Amino acid sequence: MSDVLVRASDLKVHFGDVRAVDGVDLEVRRGETLGLVGESGCGKSTLGNALLRLVEPTNGTVEFDGVDVTAAGRRELRALRRRTAMIFQDPYASLDPRRTVAESIGEPLAIHKLHQGRAARRARVGELMEVVGLDPRLGGRYPHEFSGGQRQRVGIARALAGEPDFVVCDEPIASLDVSVQAQVVNLLVRLQRELGLTYLFVSHDLAAVRQVADRVAVMYLGRVVELGDGASVSSAPAHPYTEALVSAVPVPEPSRERSRRRIVLTGDVPSPADPPSGCRFRTRCPKVFEPCPDHDPVLQPTGPEQAAACHLHGVTDR
Ligand SMILES: Nc1ncnc2c1ncn2[C@@H]1O[C@H](COP(=O)(O)OP(=O)(O)OP(=O)(O)O)[C@@H](O)[C@H]1O
């Protein structure tokens, strides 16, 4: 069995002129949490959706457990739907307000024909609620009767209903009160351990990603510019963009925090409809050198478990 569960190869998703994902090669390993960070609009959600084939790629392939899902027929796609799930940023928007939470959690069971029959389904919904720390007796209530953290637990229970292997967590704590963020993160970590899940954890917040991720992929304008184990990426970033992201994260110790040097990127993020020629970070890069070669760099190893797409790390062409 390969240790890679999901593999994207030269994946592109364009919406008209907008190159939301523009040539991504990425592997998600079985049982890991791969963090995906980058500024708003860099293509994180689109990449997550494309890995689950919720959007059609413009180019490239996605393999799930060795099967090319971009070429999958209906049966294979149905199997993929069952083995994958998504946890959304805003459970309020992703849950149907007119359905009880038990109905919402039970819906994937009906879709995937699991635990058939009323009693079996009811029992399974109760079990799922318990797994995420909700009292099953609250199953008859509606989403608006729950707090934000509880609603996210409902969203997680719904995601787990099909017994997925791979879960894309798209900013799962961004809309929650700070006080409950840690509880939801701890729940996700516990569920991963207990159920052997593989996560893609999408966030604009490097500090949040660092807490949960084994490895981190950094995205900029539709491409992965750095990939590595969490410790290396955050303590010795190899790409100038990652360096800027790392420098923006506050340090808990006051003495180190006082001497923290922030790298403030100047200039606007270019439009994904018209990315700069050559390296697409060059218009904002503090380390741009003249002349950076005029093609887009590809990921090059910079350490045992680290790679960066930057001309500082050797010049290669695709
Ligand atoms: N369905 C769509 N149709 C057209 N453009 C889209 C669509 N979905 C996303 N985009 C555009 O693609 C680019 C990438 O968006 P995406 O939501 O993937 O980024 P993101 O990094 O997840 O940002 P955020 O954190 O704000 O969600 C943006 O310019 C966005 O406007």
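Visitor: How many helices and strands are in the chain?
Guide: There are 11 helices and 12 strands. Helices (H or I, at least four residues) and strands (E, at least two) are DSSP runs, numbered from the N terminus. The radius of gyration is 21 Å, close to the 20 Å that the globule rule gives for 318 residues, so the chain is as compact as a globular protein of that length. That radius is taken over C-alpha atoms, and the globule rule is 2.2 Å times the number of residues to the power 0.38.

Visitor: What should I know about the model before going on?
Guide: This is a predicted model: local features need pLDDT of at least 70 and side-chain atom pairs count only at pLDDT 80 or more, while totals for chains, interfaces and linings use all residues. Residues are numbered from 1 along each chain as its sequence is written.

Visitor: What share of the residues is buried?
Guide: Of the 318 residues, 41% count as buried, meaning that 20 or more other C-beta atoms, placed from the backbone, lie within 10 Å of the residue's own.

Visitor: Switching to annotation. Where does UniProt place the ABC transporter domain?
Guide: The unreviewed UniProt entry places "domain: ABC transporter" at residues 6–246. Such annotations may be inferred rather than shown by experiment. That stretch is 41% helix and 26% strand, with its end C-alpha atoms 27 Å apart.

Visitor: Is strand S9 buried or exposed?
Guide: S9 (residues 215–220) is mostly covered, with six of its six residues buried. Arg215, Ala217 and Met219 are on one side, and Val216, Val218 and Tyr220 are on the other.

Visitor: Which strands does S9 pair with?
Guide: Strand S3 (residues 33–37) runs parallel to S9, joined by four bridges. Strand S10 (residues 223–229) runs antiparallel to S9, with six bridges. Pairing needs at least two DSSP bridges between the strands.

Visitor: And Ala217, what are its bridge partners?
Guide: Ala217 is the partner of Leu36, and in S10 Ala217 is bridged to Leu227.

Visitor: What's in the turn between S9 and S10?
Guide: The two strands form a hairpin with two residues between them, and Leu221 in the turn has a positive phi of about 45 degrees.

Visitor: Now the ligand. Which residues are closest?
Guide: Phe15, Ala20, Ser40, Ser45 and Thr46 are the closest of the 13 residues that surround the ligand. A residue counts as near if its C-beta atom, placed from the backbone, lies within 6 Å of the molecule.

Visitor: Which element gives the largest share?
Guide: Helix H1, with three residues.

Note on methods: A residue is buried if 20 or more other C-beta atoms lie within 10 Å of its own, exposed if 12 or fewer, and partly exposed in between; C-beta atoms are placed from the backbone.
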